[in-house]
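Welcome! Please take a look at the structure below, and then we can walk through it together, topic by topic.

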Amino acid sequence: MPPPLPRRPVWGESAEPTPPPPVAVGPPEHQTPVDPWAGVDTGGWDLPSAELPPLPPTISYPTPPDTRQWSGPPAPPAVSRDTRQWSGPPASPAGPHPVPPPAAPSAPRAIGPMVPARPMSPPAPPAPPKVPKQRRGRRSTAPPTPPPGWQAPKGYVPVPVRRRRRWPWLLLLTLACCCGCPAYYGFPISAQYPARATVPVQVDDLSLRQDSRSTETAKKLEGEVRKEHWLAEDTFAGVYATTGGKRVTVFGGTGFRLSPESDAEAEISRLTDRYALGAPESVDTGVRGRHERCAVGSSDGSAVVVCTSVDHGSIATGVFTRLSVADSAELLGTLRAQIVQPERG
């Protein structure tokens, strides 16, 4: 007969052979004691003992620093399966009754795969102490701390470091802002106001005409200046002529003016209809705070150039015949230098 085929394992049964159950051993109280020194010669054990040197004093270990506990999420519990095989019933405690016979082995339980536990992360190192922030440009007044055990060399003498003072620069900047700006804007005003006006009889090759018609025209122009500039402190007007037939009429007034540039534009606009003036031109006077405008027009069928010059202390307007714009502006500067005299100049 052929040998029987090997039995196929049942589903869930371990492929390894089941070890036989261990033989139950009775409690030690019922076993015969054994002498471990039986049959051994114990004579000659009395040996002279040498005195050993005393032990050095024990150095105490320093107390370890406190370790901060790990503040991360808790680790999931480890899933484990019981892998112990059945080892039979537990031994009965000592007593007068006899030991019962071992029970028959039962089928082992199914053992699943072992799931390794998740390793715990190491605790985070302690954070370093924060260094206090220092403002940029400032230095610490405390002297640096030398390292432990450092000694100065022989003959070394500490020399204090002199700090650089910055208050003189700050003082100069404050003085420049507080005094420089008002002086820059206030100097033209103090140099041009107050002023007085007098009409001279002769200016270069120009002669003042004193006939009745010229005197009446001058008085009429003074009245218009007083009417248009009611804050004027003094007014002036005059009609000049040269031997070549050139005629110059000048009029104006003195008084404080806060915005000379806008006053010059307003004066040209006022005379535009009377003399049919064209587009005004700006003329550079070379004097800070003085503004001049010139425009070409006509009067009694003759071409004329009207120029007005205004600063913080006076206004002067001239009507020129048979002259260009540049010559008219230059001649007006000469006339006002002779007529208007600043009191502080």
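## The chain as a whole

In the protein chain, 57% of the contacts with a separation of 6 or more are between residues 24 or more positions apart; contact here means heavy atoms within 4.5 Å. This is a predicted model, where local features need pLDDT of at least 70 and side-chain atom pairs count only at pLDDT 80 or more, while totals for chains, interfaces and linings use all residues. Residues are numbered from 1 along each chain as its sequence is written, and side-chain values use heavy atoms, with hydrogens and water left out.

- The protein chain holds five helices and ten strands; these are DSSP runs numbered from the N terminus, helices being H or I with at least four residues and strands E with at least two.
- Of the 345 residues in the protein chain, 21% are buried (buried means under 20% relative accessible area, exposed over 50%, partly exposed in between, with a 1.4 Å probe and protein chains only).
- The protein chain exposes about 28200 Å², and carbon and sulfur atoms supply 60% of that area (accessible areas come from the Shrake-Rupley method with a 1.4 Å probe; for residues, only the protein chains shown count as cover).

**The sheet**

- Eight strands make an open sheet with antiparallel pairing, in the order β2-β3-β4-β5-β9-β8-β7-β6; two strands pair if DSSP finds at least two bridges between them.
- β2 (202–203) and β6 (281–283) stand at the edges with a single partner strand each, so one side of each has no neighbour in the sheet.
- How many bridges join β6 to β7? Three bridges link β6 to the antiparallel strand β7 (residues 291–299).
- Glutamate 281 sits opposite cysteine 294 in β7, and serine 282 has arginine 293 in β7 as its bridge partner.
- Arginine 293 also has a bridge partner in β8, namely threonine 308.
- β7 and β8 (residues 302–310) run antiparallel and are joined by nine bridges.
- The hairpin of β7 and β8 has two residues between the strands, and there aspartate 300 takes a positive phi near 55°.

- Threonine 249 belongs to strand β5 (residues 247–254).
- Is threonine 249 buried or exposed? Threonine 249 is buried, because its relative accessible area is 12%.
- Leaving aside residues up to four places away in sequence, threonine 249 touches Leu221, Gly238, Val239, Thr317, Gly318 and Val319.
- Valine 319 is located in strand β9, and with a relative accessible area of 7% it is buried.
- Beyond four places away in sequence, valine 319 touches several residues, including Thr249, Phe251, Tyr275 and Val304.
- Valine 319 and valine 304 are 15 residues apart in sequence, with their C-alpha atoms 6.5 Å apart in space.

**The cavity**

- Rolling a probe the size of a water molecule over the atoms shows where empty space is left.
- The structure has one cavity of 30 Å³ or more; on a 1 Å grid over the protein atoms alone, a cavity is a set of points where a 1.4 Å probe fits but cannot get out, and its lining residues have an atom within 4 Å of a point.
- The volume of the largest cavity is about 30 Å³, volume being the space filled by probe spheres set on the points, with grid points joined across faces, edges and corners.
- Which residues line the largest cavity? They are Val225, His229, Phe251, Gly252, Glu267, Arg270, Ile315 and Thr317.
- β5, α3 (260–270) and β9 (314–321) are the elements that give two or more residues to this lining.
- The lining residues divide into three nonpolar, three polar and two charged (Ala, Val, Leu, Ile, Met, Phe, Trp, Tyr, Cys and Pro count as nonpolar, Asp, Glu, Lys and Arg as charged, and the others, Gly among them, as polar).

Technical notes:
1 Å grid on protein atoms, 1.4 Å probe; cavity = no way out; pocket = protein on both sides within 12 Å on 5 of 7 lines; lining within 4 Å.
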